[in-house]
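Work through the exercises below with the sequence and the 3D view at hand. Each task is followed by a solution in steps.

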Amino acid sequence: MLHTQKSFIHDEMKMGDLFLVPTPIGNLEDMTFRAIKVLKEVDLIAAEDTRQSKKLCNHFEIDTPIFSYHEHNKESSGHRIIEYLQENKSVALISDAGMPTISDPGSELVQQVLESGAKVIPLPGANAALTALIASGITPQPFYFFGFLDRHKKEKKSQLTSLSSRNETFILYESPHRLKETLHVMLECLGNRTICLSRELTKKFEEFIRGNIEEVISWSENNEIRGEFCIIVEGSKEEIIDEKDSWWNALSAKEHVGHYIREGLNSKEAIKKVALERNVQKRDVYQAYHIE
């Protein structure tokens with residue numbers, strides 16, 4: 001059903017607004033004037049880590065009440081936020097660092113709030129993926145944001161194999177203790193492409209490591225690995241195969257998932273892979289497989 005939102009025009013709903021407020025990814029000077037103003041004016045702040053967020057609020061003299069909204073309590077906290085909005089109270093959602101909902105909790109909350117009839121108002125601000133992309137030295141557009149790969153090697157290999165055919169530059173996030181393994185799997189699945197690693201973005205020890213995958217593996221073996229990494233990866237140089245020529249074109253989404261389950265993937269893994277290959281939302285594939 002079509003729904004239009006005029007963010008700053010008063011309506012008769014008498015509900016509060018949900019503001020999505022980015023926070024600095026390292027350097028506190030990247031906090032915007034508007035973000036500070038919104039956090040001071042809302043009735044409540046929903047934060048991924050209240051301890052971390054209180055440090056930010058103390059720095060900018062923000063005394064708005066803070067409560068917890070994270071991956072493990074998002075259902076109960078989500079209902080609580082809806083209740084606040086229905087009481088005509090405004091709420092700001094922030095993550096530990098960067099843009100809410102991007103590899104952070106919040107996407108389900110946005111859907112819930114929109115379904116309730118309240119407004120969702122985004123603020124622009126800090127984001128690690130785009131910050132790393134524009135300084136990578138790799139063609140910045142078109143690009144494809146993937147985020148964190150699966151923790152398990154088998155699933156990670158499957159994801160990278162699917163990504164290997166994409167012609168866009170793509171963006172990954174990775175933790176320090178999984179970086180070495182991920183680089184080796186990347187070399188196996190992608191070949192020796194040009195990549196750029198970045199860490200500690202906007203902080204005193206900001207660092208970029210640019211080279212091909214083999215060179216970056218060598219760097220990782222001879223240096224201490226610290227901090228979360230953003231990895232910018234050169235896209236495939238192979239000619240794009242038109243979707244109508246894809247091997248799975250004659251299959252329904254459900255049959256496509258069934259193919260990978262017969263190959264040994266579980267349904268969750270198969271749905272992820274099919275969504276990536278078909279370039280559609282994972283929830284659409286889930287619905288086609290489990291419901292239709």
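Two strands count as paired if DSSP finds at least two bridges between them. The model used here is predicted.

**Exercise 1.** Find in which sense strands β6 and β7 pair, and over how many bridges.

Solution. Locate β6 at residues 143-148 and β7 at residues 169-174. They are joined by five bridges in the parallel sense.

**Exercise 2.** State the strand order of the open five-stranded sheet and find which strands stand at its edges.

Solution. The order reads β6-β7-β10-β8-β9, and the pairing is mixed. β6 and β9 (207-212) each have a single partner strand, so they stand at the edges, with one side of each lacking a neighbour in the sheet. On average, neighbouring strands are turned by 15° against each other, direction ignored. Within the sheet, β8 (residues 194-199) and β10 (residues 229-233) run antiparallel, joined by five bridges. Ile195 is opposite Val233 of β10.

**Exercise 3.** Determine how helices α7 and α8 are oriented to each other.

Solution. Take α7 as residues 179-190 and α8 as residues 213-221; their axes come within 10 Å and cross at roughly 160°. Angles over 145 degrees count as roughly antiparallel, and α7 and α8 are therefore roughly antiparallel to each other. Their crossing is left-handed. By class, nine nonpolar, two polar and three charged residues make up the contact of α7 with α8. Finally, α7 lies across β7, β8 and β10, at about 10° to β10.

Notes. Residues numbered from 1 in each chain as written. Predicted model: local features only at pLDDT ≥ 70, side-chain atom pairs only at ≥ 80, totals over all residues. Heavy atoms only, no water. Axes fitted to C-alpha atoms, helices over the stretch in contact; angles between N-to-C directions. Helix = DSSP H or I, 4+ residues; strand = E, 2+ residues; numbered from the N terminus. Parallel < 35°, antiparallel > 145°, perpendicular 65-115°, else oblique. Left-handed = near helix turned anticlockwise from the far one by under 90°. Nonpolar A, V, L, I, M, F, W, Y, C, P; charged D, E, K, R; others polar. Contact = heavy atoms within 4.5 Å.
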